[in-house]
Amino acid sequence: MAVEPPVESPRTLAEAFELMATEPPARPIAGGTDVMVQLAGEIGEPPERLVDLWRVDGLRGISLEPRALSIGALTTYTQLRRSALVAEVAPALVEAAATIGAAQIQNRGTVGGNLGNASPAGDTLPVLLALDAEVVAGSARGERSIPIGSFFAGYRRTALTPDELILRVRIPIVPGREARFRKVGTRRAQAISKVVLAVAWRADGSAAGAGGAGGGSWRGVRVALGSVAPTPIRASAAEAVLEGASPTPETADRAAEALAAQISPIDDVRSTAGYRRLVAARVLHRLIRDAGAW
Amino acid sequence: MNVRFLVNGEPVELDVPGMRRLLDVLREDLGLSGTKEGCGEGECGACSVILDSAVVDACLVPICQVDGHTVRTVEGLAPAAARGRTRHGAEVGSLDDLQQAFLETGGAQCGICTPGMLMAARAYLDDGGAADEEAIRTAIAGNLCRCTGYTKIVEAIARVANPGSMGDRG
Amino acid sequence: MTPGRARGIPLRREGPDKLTGAAKYADDLVFPGAWYGATVRSTEPRARLVAIDRTDDAFDWTKVVLVTAADIPGDNVVSLISDDQPVLVPVGGEIRHQAEPVALLAASDRATLREAKRRIRLRTQPLEPVFDPLASETVFAHFELTKGDLGAGFAEADVVLEGTYRVGHQEQLYIEGQAMIAVPREDGGITVHGSLQCPYYIHGAMKRALRLDDVRAQVVQSETGGGFGGKEEYPSMLALHAALLALRCRRPVRMIYDRHEDIAATTKRHPAIVTHRTGVKRDGTLVAQEIDVVMDGGAYCTLTPVVLSRGTIHAGGPYRSPNVVIRSRAVATNTPPNGAFRGFGAPQVEFAAETQMNRLAEALGISPLEIRRRNAYRLGDETPTRQILRESVAAEDVLERAAGAAEFDWIRERTARARAERAGSGTVRTPATSTSGPRKASGIGLALAWHGAGFTGSGEVQLASVASLELDADGRIQVLTASTEMGQGTRTIFPQLVGEALGVDADAVGIAPQDTAFVPDSGPTVASRTAMVVGGLLIKAARRLRSEVEASREAAGRPFAEAYRTWAAAHGPRRVDERFEPYPGVGFDDETYVGDAYPAFGWAACVAEVDVDLDTCEVTVRDVVAADDVGHVIHPVLCEGQVEGGTLQAVGYATIEEMKLVDGRYLNDRLATYLIPTALDAPRINTILVEAPFSGAPHGAKGVGELPMDVAAPAVVAAIHDATGVWIHDLPATPERILAALTAAEDVEPSPPGVSSRSARPTAA
């Protein structure tokens, strides 16, 4: 049986902000798939108090803004999987959501929770990195937008202040953008990733194949990874190789080598450093190969 | 805190800590011990129940989030008319179609994963799930079974599902 | 009421209770006023225990009960084979592993218990731990089997192949954790209710450590959520802990392990290092086998000598060889003790033997099927213990059935063609960061296994199990045995067997609860012996009862089914006890290890098909055909269920299941880190049941539980080889090990399975 710290359940954002600003510091809880595990497993010191966000409807909903898709922090993985809007704008996010846990976790785990927990293995995080998402945070002091690239401050740490909540994540709508996702785990469900990788790009010029695939050169390339560093990361060296290049065998070889050279994963209970380095590179290579259709 | 919700169609009102796990409320406060604890961290699915219409791990749900909602457990699967006779020796006929299919195909062995497995399967079926092998396996991928190899569980669920494509794993 | 029948077969007796949530597992039992118990464990792999201290803050210690070794009324041993394992490490004694029980606590609520546990400090003097089994000097057991002339055999060989195979710890992972509730009795004794396989093991352990007699020590099995061997010996420890606390509290005490404690502290499958040197003729005929087996028993003996014994006898695989030497030893390391797990020493050695056989086939350029046809045991062959196989040999039968159903030859030709086509681009290119053409490769693999039915050697004779049948004055028929139901179907097949022997419906036969106050000692529920041995005793008891009733005046020539109620009313209650008698013509010398190691063997063949992702080396075991000879199929649905479940455990063993250790402690002691296959990872399993009856059992049954566990892992590894061209010698064959075999890249291969690494920090002063 788990530790049961005190909890309050606000109904409005204003109430939630007020509770978050109260001492001692509170830990927010959404679907509970991380917080409840930490309490049950007595992993780390339990929080002194919790703020339950589940009833704050202001944190729900998926909507289209003029230039971005807005996904409320309380959006569950199941809702991501079932959303026609997300499937249209960010299909890689749908794919990522489908790889997390199984039905029970997907019905409770949320986008905001995945961000706030800031695990290096959070499966949606490389996709959000690759898609240049912004995290909209809020507190009684107001709202601010945090580019995802500066959101992860360290191992399981974020740029949020103690009184701030994640309100929603905004994914810019970029015409012609392609994105791919691949997770490598120990088993096909209910597995924390060994390596997770997302790639996004815009195909420039005359594409040989349909849907942006084929030989056009790539612009705005993003390569993002999870489980290979203390935080989800961008692989800048591989991006530099790919930027402006076409998905040819030579490009793929160089990008994969650059990726392997840049990352410094570790041995842990799930995999080895060498496997992660090599497989991250090989997965990227395959994604480029598939995009180039060779 | 004071919480009110429906369990298997019956109203419940309790004064418990808000962070108490739904699993502990069911098993210890309400005496509904059909829902099992296998790991306490959302990995095994033995504590699966249906919250509103979604299957969840009861070990990961704080009771404060259940206030005003409906919970369905294994004790609520069989038709209400037949229940009450199931304590200390269930009788034939007190099982719903899914339970009966598990009984006949051999989908339950040691039985400890069975209540959770049934709830995951029930949520899948209630959502219109078909007798498609890959879809059934996906629907119960959050429920670990160490006895059966899953073969007979998949067979049992397929038996009561809408006709689909058994034998096709995509 | 019973659940009736489907297609003529009785349905699982307790099925409806399990399906409605009515079945009561240990943690579901309510004992008013019960306290909660907890275990204080060592945090060092090896140390001298100097003192057990309580922090001197304001905590109210009157709210908790603390029990140490000094409070044990009887002998401080968990009685089993050797008396080496204490119930609790005494002050001054030696801590031998990281999770060793040192003290016990109980409190009325879990919050207080948690607070108390945080305030116990162990004072210790660290000692240098031993982790490498090859370096260990403490030997629990050793054996040597010799047959023929090894030197002459190798001299005759055209090809000699060597290989070393290593397997790690495997966790049983019953989904219901270890659980025991001890209740003080008015007579000063203790009744324990719990999740367990062997009521009389616990009974014996309680009598010894708690100084109780047969009556005042009582063991009652609650519904048991899986065992697989993991609840064979460990529950004795847990029952003693709960009982010690209950004696002190004078109230019921609940000891329910959470998953973390369960994985950290309880037994695992023994890791093993198996080395083969094999001589064959060019046509594949075996002429010499030299095999070394080293098993790691962990910190205490538990059942290790018996596990090693079975491992030794099975080490050559199901093949005739004129010249054989098998040497084995099991040693101690400062890791948690290893113990029983489905297969009991055989899965380790048969993985090695079968992989060796598959490599031999490759070396000779003949098919894995053909080399087995040439060497598989037939009637009249002699085993390494010089047992002549006089009956019930179905090696060739299961082999042909499995290979035929899987279309082994045809698919293997296809995978070979695909492999040849891939060879042009290389399975893994240089640099290894780049992918090759095709992303996926398929492979097919084959393995064959044997499994000795029931206990090894004279085990059954020494055990002298009793099973009873009772007909009361009201005409109720009841089975009385200590054989436990843990999912495999005891409670269903016993009434079925008795019903068939009596000529009455299975539904007319009741079964008594597994409670030492009522049932005789019919031996432990292990070694796939329940259906064969205890089931056989029950059939004999039923036949005796039947002839007694049918010969009576009351029967007046009517069959038992029509006469027994009248007979019972006239005669009053009648109980028939049937004690095990040695199988005719079966003999074994425990000293020389010569003779009939088992009364019969079960035989299993497995064909596995895998897909390997060539980018990541992830393995999908797609299809398995399992042909298992069980002697006689009592209940097809339950029997298939055993094969399917055992096959998936073996697939997990082959692909993903591995305990990782640092400083003798399991790193992945949670369900988020020790992974077993989900429904999506499970192959489609096609089970073929084969019946080569054993004449010593009245129904011919030889047991089924362990057979499938022996055979699937080497089949999967052979299929991985067929897909990728690399042999994986260590289990599990993880993507890391496959990729390491395919490339020369650094830091890809994990450390060997089963051996604890050391942290940078020194563990001993």
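In the predicted model, C:A467 has C:E578 as its bridge partner in strand 22 of chain C. Strands of a sheet pair through backbone hydrogen bonds, either parallel or antiparallel. Between strand 19 and strand 20 of chain C lie five residues, so that the two strands form a hairpin, and C:G475 in the turn has a positive phi of about 85°. Because five of the six residues of strand 19 (residues 466–471) of chain C are buried, this strand is largely enclosed by the rest of the structure.

Chain C as a whole contains 18 helices and 30 strands. Its radius of gyration, 27 Å, is close to the 27 Å given by the globule rule for 765 residues, and chain C is therefore as compact as a globular protein of that length. The C-alpha trace of chain C spans about 80 × 80 × 50 Å along its principal axes, and 64% of the 765 residues in chain C are buried. When contacts in chain C between residues at least 6 apart in sequence are considered, 81% of them join residues at least 24 apart.

Contacts also link chain C to chain B, with 46 residues of chain C touching 49 residues of chain B. On the side of chain C that touches chain B, the elements giving two or more residues are helix 1 (15–20) and helix 16 (636–655) of chain C, and the largest share, seven residues, comes from helix 16 of chain C. By class, this side of chain C has 23 nonpolar, 13 polar and ten charged residues.

In chain B, eight of the nine residues of helix 2 (residues 97–105) are buried, and the helix is therefore largely enclosed by the rest of the structure. Among the buried residues of helix 2 of chain B are B:L98, B:F102 and B:L103, together with B:Q99 and B:E104. The cover over the buried residues of this helix includes helix 3 (114–126) and helix 5 (151–160) of chain B, and also strand 1 (5–6) and helix 1 of chain C. Helix 2 of chain B is followed by B:G106, whose phi is positive, near 90°.

In chain A, five strands form an open sheet in the order 4-5-10-6-7, with antiparallel pairing. Strand 4 (62–64) and strand 7 (142–147) of chain A are the edge strands, each pairing on one side only, and neighbouring strands of the sheet are turned by 25° against each other on average, direction ignored. Three bridges join strand 4 of chain A to strand 5 (residues 68–72) of chain A, and A:S63 stands opposite A:S70 in strand 5 of chain A. Helix 1 (residues 13–20) of chain A packs on the sheet, where it touches strand 6 (134–139) and strand 10 (165–172) of chain A, and its direction makes about 75° with that of strand 6 of chain A.

The largest nonpolar core has 410 residues, and the residues with the most contacts inside it are A:L284 and C:C606. Leaving aside neighbours within four places in sequence, A:L284 is in contact with residues including A:L197, A:V199, A:V223 and A:L259.

Methods
Residues numbered from 1 in each chain as written. Chains lettered and ligands numbered in written order. Predicted model: local features only at pLDDT ≥ 70, side-chain atom pairs only at ≥ 80, totals over all residues. Contact = placed C-beta atoms within 7 Å. Helix = DSSP H or I, 4+ residues; strand = E, 2+ residues; numbered from the N terminus. Nonpolar A, V, L, I, M, F, W, Y, C, P; charged D, E, K, R; others polar. Rg over C-alpha atoms; globule rule 2.2 N^0.38 Å. Buried ≥ 20, exposed ≤ 12 C-beta atoms within 10 Å, placed from the backbone. Pairing = 2+ DSSP bridges. Axes fitted to C-alpha atoms, helices over the stretch in contact; angles between N-to-C directions. Core = buried A, V, L, I, M, F, W, Y, C linked by C-beta atoms within 7 Å.
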